[in-house]
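Here is a friendly briefing to read alongside the structure. Keep the view open and look for each residue as you go.

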There are 2 protein chains.
Amino acid sequence: MEKIIGGIVLEQVAPKEIEKRSFEIITEELKGRTFPADQDSIIKRAIHTSADFDYADNLCFSENAVAIAKEAILNGACIVTDTQMAKAGINKKSLGRHGGEVYCFMSDEDVAAEAKERGVTRAAISMEKACKLEKDVIFAIGNAPTALVELYELIQKGKIKPKLIIGVPVGFVNVVQAKELIMTAGVPYIVARGRKGGSNVAAAICNGLLYQINDER
Amino acid sequence: MEKIIGGIVLEQVAPKEIEKRSFEIITEELKGRTFPADQDSIIKRAIHTSADFDYADNLCFSENAVAIAKEAILNGACIVTDTQMAKAGINKKSLGRHGGEVYCFMSDEDVAAEAKERGVTRAAISMEKACKLEKDVIFAIGNAPTALVELYELIQKGKIKPKLIIGVPVGFVNVVQAKELIMTAGVPYIVARGRKGGSNVAAAICNGLLYQINDER
């Protein structure tokens, strides 16, 4: 069905059907290309949030990353992110159903003060702060490559063992390198190789995991 | 300067220099391509938030859109957005300096209830709610094409006259059409033509306007 407004033809889709229809279009445009079953909805959700089909190629999953992450969420893992935007975008109600919470320490005054004093990024200090959480942690990094570098070092020092690192910072300075580095850290990961990513993609991947859990129950 | 961690060579850039260095890289990769002076930093900020150079081609500005928007902000205009993510990403401190606030009505209970009752999107109802604000309004639409369609109709009915519409919803259902429509509404716009956009791009454009104001004072 169609509706014409101002000479423009609009497809008539009920509000609750829009997302479903969007995923159908994404699937059509992938022209028969398939992904491992557990990765499929996560890859398509990253495309959905960006309209950028590069995510069909650049998303890298360590072995069983999705299954490990879902089990962690079911056991109450929390999510730590490096932006308030990603925190805003993650479905906190879905996560809360399993006991988890979303944390972002970037705006904390103690983080800002320590970052300034030590001449490092707030993102790096935020990762140190996350080590003090007495819970399982999934990291969702959508902005700061320095967060991934810091996580790599904290993991090497045995200070933290994340259940999953979603490594999708976006940008131009050390972003490519930080993603390559985190894939060698020895912990499960979902990484958007290259420069692309962002808070929206980080949130989309978190929500992809949460919605898989919902759909399976 | 370089630093090597885990065999990966990282560029050593001081935290406060990272954004500046990123914009230098973006400028380099645009290979001498230039934009109108007032659009330059906004286009580059959209690229910066997405690592997607498509924004060099798809961003469309109505005549004097940037100047009109900056004047509105200086006069205390508020920003209404269609996602909590964009709200989280907009520099509220910079906007507040001129008396403006950021609103997002998407999670309001009355909006959800009315949308359900009328079978339309919450985004459409949110736009109606924005008409009741007794302030100048800049709309920053990063998600819902239905928000743009509703704004078009409200403008035609004389119910609202936005100072600027940032029309950068992302997606696959009516997104392309809604953007073409809003460019005919007779109000100033910054639109990312095509499917691409998002809350991150909406926030980046708002911040681009705010930072231009800061830099000029």
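A:Glu24 and A:Lys20 sit four residues apart in helix α1 (residues 18-29) of chain A, so about one helical turn separates them. In this predicted model, A:Glu24 forms a salt bridge with A:Lys20, and their closest N and O atoms are 4.0 Å apart. Side chains of opposite charge can pair when their charged atoms come close.

**Salt bridges**
- Over all chains, the count comes to 36 salt bridges.
- Two salt bridges are found across the interface of chain B and chain A.
- B:Glu29 forms a salt bridge with A:Arg195, where the closest N and O atoms are 2.6 Å apart.

**Where the chains meet**
- How many residues does each chain bring to the contact? Chain B gives 47 residues, and chain A gives 47 residues.
- About 3600 Å² is buried between chain B and chain A, and carbon and sulfur atoms give 71% of that area.
- Between chain B and chain A, six residue pairs are in polar contact, with both residues at pLDDT 80 or more.

**The side of chain B that touches chain A**
- Several elements of chain B give two or more residues to this side, among them β2 (8-11), α2 (37-50), α5 (84-89) and α11 (199-216).
- Which element gives the most? α1(B) does, with six residues.
- Sorted by type, the residues of this side of chain B are 24 nonpolar, 15 polar and eight charged.

**How the two copies are related**

- An unreviewed UniProt entry places the feature "domain: Cobalamin biosynthesis precorrin-8X methylmutase CobH/CbiC" at residues 17-211 of chain A.
- Residues 17-211 of chain A are 53% helix and 12% strand, and the end C-alpha atoms of this span lie 16 Å apart.

Notes:
Residues numbered from 1 in each chain as written. Chains lettered and ligands numbered in written order. Predicted model: local features only at pLDDT ≥ 70, side-chain atom pairs only at ≥ 80, totals over all residues. Heavy atoms only, no water. Contact = heavy atoms within 4.5 Å. Buried area = accessible area lost by both parts, 1.4 Å probe. Salt bridge = Lys/Arg side-chain N within 4 Å of Asp/Glu carboxyl O. Polar contact = N/O pair within 3.5 Å; in protein donor to acceptor, adjacent residues only side chain to side chain. Nonpolar A, V, L, I, M, F, W, Y, C, P; charged D, E, K, R; others polar. UniProt positions renumbered as here; feature names shortened; annotations may be inferred.
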